[in-house]
Amino acid sequence: MSNDTRIDGYARGLFEVARAEGTLDEVEDELFRFARLYEGSEELRNALTNELIPPAKRQAIVEDLLGGKATPTTVQLISMVVGSGHARDLPAIVDRMVQRAAASKDLALAEVRSAVPLTQDQQDRLKAALANATGKNVDLKVVVDPSVLGGLVATVGDTVIDGTVRTHLDQLKSRL
Amino acid sequence: MSLYANVVATASRLLPTSEFDVDDQGVTSHHWLWPEKAELIYGTLASVIIVGLLVWKAGPLAKKAFADRTAKVQAELDEAAQAQADADAEAARIRQALGDIEAERQRLLAEADEQAKALLADGRARLQAEIAELEAKADADIAAAATRAADELRFEISRLAAAAADRVVEASLDEATQQRLIEDYIAKVGASAS
């Protein structure tokens with residue numbers, strides 16, 4: 001089985017479980033945020049992918065980390081992926097699952113990175129603005145990423161709308 | 001016994017004894033210089049005979065010896081003359097050869113001069129070409145080094161400027177600025193329709 005097929009299989013499984021539980025929106029949001037947390041933390045990646053740590057112990061780490069902060073479904077799904085030894089693919093699995101969830105709602109996934117958290121009002125207005133700009137209703141996923149320094153960058157499918165300070169600085173560096 | 005002794009002995013027997021004063025001291029002549037008459041006659045006769053015999057017998061031999069000697073001397077003279085002629089010829093040949101050697105030497109020297117001049121000209125040309133090449137390479141190296149230095153300087157300035165820009169921007173990104181950037185982005189995206 002190719003890695004892509006396996007990722008797609010896990011994504012479909014996560015999606016079906018969350019939808020069956022009736023917590024799709026909440027679970028996909030929590031999974032998305034956990035995936036970004038996983039990407040941003042080398043310590044967490046090392047802990048969840050270390051083959052020397054028994055799977056049960058790695059699952060316990062997940063449960064300790066998320067216990068009380070996420071729905072039981074989210075915790076169980078992540079624990080299941082980690083326990084099966086595919087923690088390395090977790091961000092890709094979650095991204096595929098979120099895309100599937102957005103598609104099921106006839107929405108386009110819009111990943112937005114911001115240096116600071118957005119208020120709900122800002123998220124609503126941004127969702128509307130992106131829908132206007134892309135011509136698609138979007139499922140907005142906000143990632144707080146201090147590396148962008150300021151401003152926002154939105155990725156909707158293959159479209160990237162970049163208004164970050166980091167990009168402006170990089171362009172300035174290139175010109176220099 | 002020699003011929004002279006025989007003649008004297010014969011004359012002594014034939015001549016009278018009065019011609020000599022014979023005493024117990026032997027025969028003594030009457031003159032301190034001239035011999036006795038008979039002795040003179042016989043002596044002269046004997047001498048003539050001897051001389052005649054000598055001329056008769058030894059003359060041809062002497063003449064032949066002289067002729068041989070003359071011929072030998074002549075041959076030696078001829079030989080010397082021939083040697084002289086040979087030596088002259090050899091000397092002439094040597095002089096000729098020396099002349100040829102001198103001409104060859106001159107020719108070789110001239111040829112060597114020509115070759116030396118050609119080599120010198122060629123070496124000078126090559127040296128000048130190498131110098132020109134080295135100068136061009138040095139110029140290129142200097143230009144490259146200058147360009148490299150300028151590039152490095154430009155890169156360093158850019159890096160410092162970028163780092164400074166990073167620090168300035170990060171320092172200026174307070175909460176109000178962050179919010180303004182977000183609002184500007186939303187407004188800008190909202191204004192752009194697909």
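A residue counts as buried if 20 or more other C-beta atoms lie within 10 Å of its own, as exposed if 12 or fewer do, and as partly exposed in between, with the C-beta atoms placed from the backbone.

What you see is a predicted model, in which local features need pLDDT of at least 70 and side-chain atom pairs count only at pLDDT 80 or more, while totals for chains, interfaces and linings use all residues. Residues are numbered from 1 along each chain as its sequence is written, and chains are lettered from A and ligands numbered from 1 in the order in which they are written.

## How confident is the model?

The model scores ipTM 0.79 and pTM 0.54. For single residues there is pLDDT, the predictor's confidence on a scale from 0 to 100. Chain A averages a pLDDT of 90, and 99% of its residues score at least 70. Within chain A, confidence is lowest in helix 8 (residues 165-175), at a mean of 86, and highest in strand 3, at 94.

In chain B the mean pLDDT is 83, with 86% of the residues at 70 or more. Here the lowest confidence falls in strand 1 (residues 21-23) of chain B, at a mean of 53, and the highest in helix 3 of chain B, at 92. Where pLDDT is low, the predicted coordinates should not be read in detail.

## Chain A at a glance

Helices (H or I, at least four residues) and strands (E, at least two) are DSSP runs, numbered from the N terminus. Chain A has eight helices and four strands, and from the N terminus on they follow the order α-α-α-α-α-α-β-α-β-β-β-α. Of its 176 residues, 38% are buried.

Two residues are in contact if their C-beta atoms, placed from the backbone, lie within 7 Å. Among the contacts in chain A between residues at least 6 apart in sequence, 63% join residues at least 24 apart.

## The strands of chain A

Let's look at strand 1 (residues 108-114) of chain A. Seven of its seven residues are buried, so this strand is largely enclosed by the rest of the structure. In a regular strand the side chains alternate between the two faces of the sheet. Here A:Ala108, A:Ala110, A:Val112 and A:Ser114 point one way, A:Leu109, A:Glu111 and A:Arg113 point the other way, and all are buried.

Two strands pair if DSSP finds at least two bridges between them. Strand 1 of chain A runs parallel to strand 2 of chain A, and seven bridges join them; A:Leu109 is partnered with A:Asp139, and A:Ala110 with A:Leu140. Strand 1 of chain A is also joined to strand 3 of chain A, antiparallel, by five bridges, and there A:Ser114 has A:Leu152 as its partner. As for strand 2 (residues 138-144) of chain A, five of its seven residues are buried, so this strand too is largely enclosed by the rest of the structure. Strand 1, helix 7 (residues 120-134) and strand 2 of chain A make a right-handed β-α-β unit, right-handed meaning that, with the strands pointing away from the viewer, the path from the first strand over the helix to the second runs clockwise.

Strand 3 (residues 152-156) and strand 4 (residues 159-162) of chain A run antiparallel and are joined by four bridges, with A:Thr155 opposite A:Val160. Their hairpin has two residues between the strands, and A:Gly157 takes a positive phi near 60° there.

## Two loop residues with positive phi

Most residues other than glycine have a negative phi, and most peptide bonds are trans. A:Asp106 has a positive phi near 60° and is found in the loop between helix 6 (90-104) and strand 1 of chain A. A:Leu149 has a positive phi near 70° and sits in the loop between strand 2 and strand 3 of chain A. With 19 C-beta neighbours inside 10 Å, A:Leu149 counts as partly exposed.

Chain B has three helices and two strands, in the order α-β-β-α-α.

Where do the chains touch? In total, 20 residues of chain B are in contact with 25 residues of chain A. On the chain B side, the elements giving two or more residues are helix 2 (37-172) and helix 3 (175-191), and helix 3 of chain B gives the largest share, nine residues. This side divides into eleven nonpolar, six polar and three charged residues, where Ala, Val, Leu, Ile, Met, Phe, Trp, Tyr, Cys and Pro count as nonpolar, Asp, Glu, Lys and Arg as charged, and the others, Gly among them, as polar.
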